[in-house]
Amino acid sequence: MADPLLDPVPDLGGPAQPLLLVQNLSRHFGKKGSVVRAVDGVSFAVKKGETLGIVGESGCGKSTTSRLIMGLIEPSGGEVIFDGEHVGPGGMPLSVYRRQVQMVFQDSYASLNPRLTIGESIGFAPRVHGLSREATDARVRDLLAAVGLAPDQFARRYPHELSGGQRQRVNIARALALRPRLIILDEPVSALDKSVEAQVLNLLVDLKAEFDLSYLFISHDLNVVQFIADRVLVMYLGQVVEIGPVEALYREAAHPYTAALLASRPSMDPDLRRTTPPLTGDPPNPVNPPSGCRFHPRCAVVQRGCDIHVPPLADVSSGHLAACVRVGAA
Ligand SMILES: Nc1ncnc2c1ncn2[C@@H]1O[C@H](COP(=O)(O)OP(=O)(O)O)[C@@H](O)[C@H]1O
Ligand SMILES: [Mg+2]
């Protein structure tokens, strides 16, 4: 039998089965009286081979969602299903799941042990999983080359000797070391200069094809998500307000929050005029979210009843859904 560490875990359910299914996931922090509903009933799928982007303002629950999926924190409710199998007790053991799902964080330096060389950091997990020293060394070299860092130059360096962009390449190599199938990237380029950001995004696109990956790509930057994602999910105060193919959603945002987010971003084209007013005001406190549609106090097209009724996600077009009373209304 082949060395299981040399190959990814094989596809079980076939291409049509979602790689990741998140169902009604919730995480509430704090005690009674001041509960933060950081993630509040979130459901979505990541299809095999796709990049799903998650966007939303700071504090809307993006990172909590990623930590829940990684199993780094316990959910208050809901479940995660990976390639058709429930993750956790009675289903796929966390140890089996964790090999297949890896994460890259925003802070390239905090993610690396400053006392380990780059080579040691990348080789750490394969060694722990029993890969021989020789095979690990070979893999480290291959991975460094794959992320565009000359192995001879970089394997023996320490994290502080690298630039932010180089460190993030190392973190990506480390995430690839156990041949995962899904990588969760939480603001992976948000701390980088624009020119470096473009290089790392292009690298991620190449690696996805080379290693047959799927991505869950979290960013507050709508331009970055437009570049990298196949579909995009918009979060507001711990909930999904819109999800759909990137072209459809950017062309024709169905939720007023998405429209306002798009109108607020720095436009690439100064002549481009939008009719939607940009987003104003701070996101309200998730300790005490507004009644009805949580966006209604900031909504430019609020109607009577929006403060009472919680709109369900409804079809806009094929695969494009939004949670607004104006969607689906005849
Ligand atoms: N460990 C925690 N304890 C208490 N509140 C938390 C904790 N982690 C996150 N939160 C709160 O949950 C909400 C969502 O946070 P987060 O998931 O980090 O948002 P994002 O990544 O979209 O900026 C915020 O109000 C945040 O303050
Ligand atoms: Mg975050």
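The secondary structure of the chain comes to ten helices and twelve strands. Both are DSSP runs numbered from the N terminus: helices are H or I with at least four residues, strands are E with at least two. The radius of gyration of the chain is 21 Å, close to the 20 Å that the globule rule gives for 330 residues, so the chain is as compact as a globular protein of that length. This radius is taken over C-alpha atoms, and the rule is 2.2 Å times the number of residues to the power 0.38. The C-alpha trace spans about 70 × 50 × 40 Å along its principal axes.

The model is predicted: local features need pLDDT of at least 70, side-chain atom pairs count only at pLDDT 80 or more, and totals for chains, interfaces and linings use all residues. Residues are numbered from 1 along each chain as its sequence is written, while chains are lettered from A and ligands numbered from 1 in the order in which they are written.

Helix packing was examined next. Axes are lines fitted to C-alpha atoms, for helices over the stretch in contact, and angles run from 0 to 180 degrees between N-to-C directions. Angles under 35 degrees count as roughly parallel, over 145 as roughly antiparallel, 65 to 115 as roughly perpendicular and the rest as oblique. A crossing is left-handed if the near helix is turned anticlockwise from the far one by less than a right angle, and right-handed if clockwise. Two residues are in contact if their C-beta atoms, placed from the backbone, lie within 7 Å. Ala, Val, Leu, Ile, Met, Phe, Trp, Tyr, Cys and Pro count as nonpolar, Asp, Glu, Lys and Arg as charged, and the others, Gly among them, as polar.

Helix H6 (residues 164-176) packs on helix H7 (residues 194-210) at an angle of about 15°, with the axes 10 Å apart. That makes H6 roughly parallel to H7. Their crossing is right-handed. From H6, Gly165, Gln168, Arg169, Ile172 and Leu176 meet Val196, Gln199, Val200, Leu203 and Leu207 of H7. This contact has six nonpolar, three polar and one charged residues.

H6 also packs on H3. The axes of H3 and H6 come within 8 Å and cross at roughly 25°. The two helices are therefore roughly parallel to each other. The crossing of H3 and H6 is right-handed. Ile118, Ser121 and Ile122 of H3 make the contact with Val170, Ala173 and Arg174 of H6.

Helix H3 (residues 118-128) packs on helix H4 (residues 133-146) at about 125°, with axes 9 Å apart. H3 and H4 are therefore oblique to each other. Their crossing is right-handed. Gly119, Ile122, Gly123, Pro126 and Arg127 in H3 meet Thr136, Arg139, Val140 and Leu143 in H4.

Ligand 1 is surrounded by Phe29, Val36, Ala38, Gly56, Ser58, Gly59, Cys60, Gly61, Lys62, Ser63, Thr64 and Pro286. Each has its C-beta atom, placed from the backbone, within 6 Å of the ligand. Strand S2 (36-46) and helix H1 (62-70) each give two or more residues to this shell. H1 gives the most, with three. The shell divides into five nonpolar, six polar and one charged residues.
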